[in-house]
Amino acid sequence: MIQFKNITKSYGRNVILDNLNFTIKDGEFVVLIGPSGCGKTTTLKTINRLIEPDKGEIEIDGKNIAAQNPVELRRTIGYVIQQIGLFPNMTVEQNIAVVPKLLKYPKEKWQQTVRDLLALVDMPYEANAHKYPSELSGGQQQRIGVLRALAASPPIVLMDEPFGALDPITRDSLQEEVKRIQKKLKKTIVFVTHDMEEALRMADTIVFMNQGKVVQMASPEEMLRNPADPMIKSFMGRHMDSSGGTPVKMLAEEFMRTKVLKVPKTSHTLECIDMMMRRDVNSCIVLNEDDTYAGTVSIETIKTQGKAGREIGELTSNDVTTIHRKDDAHDAFDQLLASSFNYLVVLNDDNTVAGLITRTSMAKAMGEALWGELPS
């Protein structure tokens, strides 16, 4: 449990944190959000003493962290930032094992830890452990950054806008993975973002800050139903209308990801595999010569049925459900739930590809924001 007790921090006359008092429970996924300069990153950094408050106390499990050695404290708290900060001269295995080695784990223990963690994010040890960061995609590098923060099994992990620099599809995937890992390992995660959609998708509890104060601390559902301040309502944006929290009817296009991998059907199999691996995705959209939608192909299909030099159009499937961008989001979600695939293809009126809707991009509607009051 993390307790903030009257935490204040100023730089000159500029008050950054203004008498913060709140508690984060064990195993909780807490998201700090608010406008630029609201104090969310400063709040995060007080937990591992990268920033020292002027007044007040922070207690972790009843112990005042100011009485602890800051270096030893940081070795028990995972920390992930947007810039990742992998050591370029170290392999994946060496990067993940940095803190366990500092804590003098036996070799057998830290090697097994590396294997177990890589398995959590579907990056097999044999294929990845001895690569260097330059050999990984952006999404893979960020996965290793997350694993490094988890390697010493810290009870608390701090994450400061870790996915902000990633493309939307990779970001969706990592959000799902981090939430899954958090639930499995029962870690307490404190996560900073400026993106309300990310907060709604990931948080157990959202802490909305402004001018160094906590404006509202609530579950995503409660914040959607009863925003405590007009600024929170503004951050909710399209999730609600101006009548004060009434959910609005939404269109499929509001949830689609536009940055998707599209290839002409004349592309060759090895070329497509290379593009998918570089983009860190497992399928791509195939286009006809006039840029209209032809179908999709997965990396598994290419590997099992493809041959070097073969055109990708020969392996294209039309099994993935397609919808139009102006279709009702509720209907689109129903189709996605009924589908065996994790996404829908969104088309323009001329049958060109507008984007994709994934399960996570639909989930961000958070129930009431999409349907109104859910049926019992």
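**Pockets, cavity and sheets**

Modeller: Start with the second largest pocket: α2 (70-74), β6 (77-81), α4 (98-102) and α7 each supply at least two residues of its lining. Helices (H or I, at least four residues) and strands (E, at least two) are DSSP runs, numbered from the N terminus. This is a predicted model: local features need pLDDT of at least 70, side-chain atom pairs count only at pLDDT 80 or more, and totals for chains, interfaces and linings use all residues. Residues are numbered from 1 along each chain as its sequence is written, and side-chain values use heavy atoms, without hydrogens and water.

Biologist: What volume does the second largest pocket have, and which residues are the closest to its centre?

Modeller: The volume is about 430 Å³. Its lining has 17 residues, and Arg74, Arg75, Ile77, Tyr79 and Val99 are the closest to the centre. By class, that lining divides into twelve nonpolar, two polar and three charged. Nonpolar means Ala, Val, Leu, Ile, Met, Phe, Trp, Tyr, Cys and Pro; Asp, Glu, Lys and Arg are charged; the others, Gly among them, are polar.

Biologist: How much space lies in the largest pocket?

Modeller: About 1500 Å³. Of its 49 lining residues, Ser173, Asp280, Val281, Asn282 and Ser283 are the closest to the centre. α8 gives the most to this lining, with six residues. The classes are 20 nonpolar, 14 polar and 15 charged.

Biologist: Why is one space called a pocket and another a cavity?

Modeller: On a 1 Å grid over the protein atoms alone, a cavity is a set of points where a 1.4 Å probe fits but cannot get out; a pocket is an open set with protein on both sides within 12 Å along at least five of seven lines; lining residues have an atom within 4 Å of a point. Points join across faces, edges and corners, and the volume is the space filled by probe spheres set on them. One cavity here reaches 30 Å³ or more. About 60 Å³ lies in the largest cavity. Its lining includes Val80, Val146, Leu150, Val157 and Gln182. α7 (138-150), β7 (156-160) and α8 (168-185) each give two or more residues to that lining. Nine of the lining residues are nonpolar, one polar and one charged.

Biologist: What makes β2 and β5 edge strands?

Modeller: Two strands pair if DSSP finds at least two bridges between them. The open sheet runs β2-β1-β4-β5, with antiparallel pairing. β2 (14-24) and β5 (63-64) each have a single partner strand, so one side of each has no neighbour in the sheet.

Biologist: How do you know that β1 and β4 pair?

Modeller: Five bridges join β1 (residues 2-11) to β4 (residues 55-60), in the antiparallel sense. In β4, Ile60 is the bridge partner of Ile2.

Biologist: What is the strand order in the sheet of six strands?

Modeller: β6-β7-β8-β3-β9-β10, open, with mixed pairing. β6 and β10 (213-218) are the edge strands, each pairing on one side only. β6 and β7 run parallel over five bridges. Gly78 stands opposite Val157 in β7.

Biologist: How do you know that the protein agrees with a compact globule?

Modeller: The radius of gyration, taken over C-alpha atoms, is set against 2.2 Å times the number of residues to the power 0.38. For 376 residues a compact globule would be near 21 Å; the protein has 23 Å, which agrees. Its C-alpha trace spans about 65 × 60 × 40 Å along the principal axes.
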